[in-house]
Amino acid sequence: MTVIDKKALIEKRVNEGLKGQWYPVCKSVEVKTSKPYGTKLLGQKLVLWRDGAGKIRCLEDFCPHRGAPLSYGEVHGGNVACRYHGVVVDGDGVVQQVPAMPECALEGRKALQSYTVQESNDAVFVYVPSADRPEPPELALPKELTSDEWTGFLCTSVWETNYRYALDNLADPMHGCYLHAESFTLAYGSKQDLMQLNKTEDGFRIERVSQTGENFDWTEFEIHDGSMFCFLDIPYPPAAGPGGVFRIIGFTTPVDETTCRVFFWRMRKVEDTARESWRFLYRAVLETNHWNVLEQDRVMLEGMPDDARRREMLYQHDLGVSRIRQILTRAAKAQVEAELKSEQMAAE
Ligand code: FES
Ligand SMILES: [Fe+2]
């Protein structure tokens with residue numbers, strides 16, 4: 001393999017999305033015991049459903065008989081049944097029943113890849129194995145999602161753009177005071193600054209040099225074995241009700257090369273009765289504002305050409321964008337090299 005071929009493989013992996021990662025794929029409520037749910041992750045079609053115990057199962061969305069999408073089928077006795085000719089597959093990808101054919105040899109065969117699933121904070125996370133990390137590591141979550149002091153809401157949306165643009169957008173706080181200038185909470189502060197990037201224990205922080213606490217002034221990324229997320233604070237005026245900072249936790253999930261799904265938990269550190277009043281206010285008033293801001297991001301990113309990267313001219317503010325790309329490329333390189341090595345060993 002030439003250096004150029006390897007570079008192309010690495011670029012392809014970054015574009016499709018890293019393996020060896022946990023990704024949120026949908027909201028918990030979207031996966032039911034009554035009907036399978038179909039989605040895509042890293043270009044692979046997946047089917048999810050709840051078995052008899054309510055546990056979520058996940059397989060490639062492909063019937064072992066002739067390839068019909070299992071997500072068009074039904075859930076029967078905790079397994080998924082294909083709509084086309086009724087073949088039943090369990091959550092481990094083993095064919096349980098071929099109702100149309102007595103004593104069919106397909107029964108008992110492990111035919112499909114199954115995926116490890118974990119539910120957390122109203123979302124369903126799926127682990128995509130890689131050659132260098134075939135077994136799922138523990139799902140590392142932001143502290144705001146594991147502590148009782150915080151409360152919040154998950155909001156998720158499908159964007160018709162490669163996930164890299166969504167990540168770049170999060171690593172670029174300077175867009176806040178331009179793109180979102182008209183919004184309820186992001187209309188403050190100066191429109192000119194420099195950026196600085198600092199290492200943190202688990203990743204990095206990109207922030208404005210001369211402004212903090214006024215607007216969307218910084219983002220922190222945490223990179224763990226098997227998961228990556230970011231968080232940022234939105235300063236809230238008193239009209240936004242009780243509680244401390246309003247924090248956004250962001251995960252971006254590569255659906256396929258031209259689509260991603262973003263997951264934002266909007267969290268506030270607020271307890272007791274103040275918690276209830278904030279939750280009420282959020283649902284009644286604030287949520288619409290936040291959807292409007294997210295829509296501004298979506299429209300902007302969807303309007304950018306897929307290959308914008310080839311012609312872009314970065315400047316000092318894009319330190320965070322460069323860093324996130326470097327992190328993805330390094331991880332993709334390690335994965336591609338591990339795959340090439342195991343292919344080579346298998347061939348010897
Ligand atoms: S394709 Fe699924 S049962 Fe035939
Ligand atoms: Fe934004």
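1. Axes are lines fitted to C-alpha atoms, for helices over the stretch in contact, and angles run from 0 to 180 degrees between N-to-C directions. By that convention, helix α1 (residues 3–16) and α5 pack at an angle of about 120°, and their axes are 9 Å apart. Helices (H or I, at least four residues) and strands (E, at least two) are DSSP runs, numbered from the N terminus.

2. The model is predicted: local features need pLDDT of at least 70, side-chain atom pairs count only at pLDDT 80 or more, and totals for chains, interfaces and linings use all residues. Residues are numbered from 1 along each chain as its sequence is written, chains are lettered from A and ligands numbered from 1 in the order in which they are written, and side-chain values use heavy atoms, with hydrogens and water left out.

3. How are α1 and α5 placed relative to each other? Angles under 35 degrees count as roughly parallel, over 145 as roughly antiparallel, 65 to 115 as roughly perpendicular and the rest as oblique. α1 and α5 are therefore oblique to each other. The crossing of α1 over α5 is right-handed; a crossing is left-handed if the near helix is turned anticlockwise from the far one by less than a right angle, and right-handed if clockwise.

4. Contact means heavy atoms within 4.5 Å. On the α1 side the residues are Lys6, Leu9, Ile10, Arg13 and Val14, and they meet Leu328, Thr329, Ala332, Lys333, Gln335, Val336, Glu337, Glu339 and Leu340 in α5. This contact of α1 with α5 has seven nonpolar, two polar and five charged residues. In this classification Ala, Val, Leu, Ile, Met, Phe, Trp, Tyr, Cys and Pro count as nonpolar, Asp, Glu, Lys and Arg as charged, and the others, Gly among them, as polar.

5. Helix α5 (residues 319–347) also packs with helix α2 (residues 163–170), at an angle of about 135° and with the axes 8 Å apart. α2 and α5 are therefore oblique to each other, and α2 passes α5 in a right-handed crossing. Tyr163, Leu167 and Asp168 of α2 make the contact with Val321, Ile324, Arg325 and Leu328 of α5. Five of the residues in the contact of α2 with α5 are nonpolar, none is polar and two are charged.

6. On a 1 Å grid over the protein atoms alone, a cavity is a set of points where a 1.4 Å probe fits but cannot get out, and a pocket is an open set with protein on both sides within 12 Å along at least five of seven lines; lining residues have an atom within 4 Å of a point. Grid points are joined across faces, edges and corners, and a volume is the space filled by probe spheres set on the points.

7. The largest pocket has a volume of about 650 Å³. It is lined by 21 residues, and Asp172, His175, Met304, Tyr315 and Asp318 are the closest to its centre. At least two lining residues come from each of α2, α3 (176–179), α4 (272–303) and α5, and α2 gives the most, with three. The lining of the largest pocket has twelve nonpolar, three polar and six charged residues.

8. Which element supplies the largest share of the lining of the second largest pocket? That element is α5, with seven residues. The second largest pocket holds about 300 Å³ of space. Leu18, Ile223, Ile327, Arg330 and Ala331 lie nearest its centre, among 18 lining residues. The lining of the second largest pocket divides into six nonpolar, six polar and six charged residues.

9. The search of the whole structure finds three cavities of 30 Å³ or more. The largest cavity has a volume of about 260 Å³. Of its 20 lining residues, Leu232, Ile248, Val293, Leu294 and Asp297 are the closest to the centre. α4 supplies the largest share of this lining, four residues. By class, the lining of the largest cavity has 13 nonpolar, five polar and two charged residues.

10. The second largest cavity has about 150 Å³ of space. Gln21, Tyr23, Leu167, Met228 and Thr252 lie nearest its centre, out of 13 lining residues. Leu167 of α2 is also one of the residues in the contact with α5. β1 (21–27) gives the most to the lining of the second largest cavity, with four residues. That lining has ten nonpolar, three polar and no charged residues.
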